Amino acid sequence: QVQLVESGGGLVQAGDSLRLSCARSGRTFSINTMGWSRQAPGNEREFVAAISGGGTAYVDSVKGRFTISRDNAKNTVYLQMNSLKPGDTAVYYCAAARAFSIPPSRTTSVYDYWGQGTQVTVSS
């Protein structure tokens, strides 16, 4: 099993920045891809970003504003979110997958483990 714990969410104004963190523990050697997804009220869960040995991938709506990165020594993945918009408001989930592809998959179905989520609210 793999455990994922997100942190860093909050309430910000449009144009502000936030950095989300995801600490993983457990059988982390089995994980090849880490990602972030989000879910707004009334919407389906949406892929946001992913990172693996094959590089990174982003949903078009966040390209140029969000950056996913990782610190393998700390078993932590980050999502730096700049120029936030009210449309970015959602619960953000960290996810881990055993699957590997080049580039990383942009679908949520590949993920085997999920965190509990952290709320990000962007006011206008």
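Author: A residue is called buried under 20% relative accessible area, exposed over 50%, and partly exposed in between, with a 1.4 Å probe and protein chains only. This is a predicted model, in which local features need pLDDT of at least 70 and side-chain atom pairs count only at pLDDT 80 or more, whereas totals for chains, interfaces and linings use all residues. Residues are numbered from 1 along each chain as its sequence is written, and side-chain values use heavy atoms, with hydrogens and water left out.

Reader: Into which of these classes does N75 fall?

Author: N75 has 26% relative accessibility and therefore counts as partly exposed. Its phi is near 50 degrees, a positive value in a residue other than glycine. As for its place, strands (E, at least two residues) and helices (H or I, at least four) are DSSP runs, numbered from the N terminus. N75 belongs to the loop between β7 (66-71) and β8 (76-81).

Reader: What is the phi of S83, and where does S83 lie?

Author: S83 also has a positive phi, near 50 degrees, and is not a glycine. The loop between β8 and β9 holds S83, which is partly exposed at 41% relative accessibility.

Reader: Where is P103 found, and is its peptide bond from I102 cis or trans?

Author: P103 sits in the loop between β9 and β10 (113-114). The bond from I102 to P103 is cis, with omega near -5 degrees.

Reader: How many disulfides does the structure hold?

Author: A disulfide is a pair of cysteine sulfur atoms within 2.5 Å. The structure holds one: the sulfur atoms of C22 and C94 are 2.0 Å apart. The link is left-handed, with -75 degrees about the S-S bond. Because C22 lies in strand β3 (residues 18-26) and C94 in strand β9 (residues 90-97), the pair ties together parts that are 72 residues apart in sequence. C22 is buried, at a relative accessible area of 0%, and C94 is buried at 0% as well.

Reader: In what order do the strands of the open sheet run?

Author: Two strands pair if DSSP finds at least two bridges between them. Here four strands form an open sheet in the order β1-β3-β8-β7, with antiparallel pairing. At the edges stand β1 (2-7) and β7, each with a single partner strand, so one side of each has no neighbour in the sheet. Neighbouring strands are turned by 20 degrees against each other on average, direction ignored; axes are lines fitted to C-alpha atoms, for helices over the stretch in contact, and angles run from 0 to 180 degrees between N-to-C directions.

Reader: How many bridges join β3 and β8?

Author: Six bridges join β3 and β8 in the antiparallel sense. L18 stands opposite M81 in β8.
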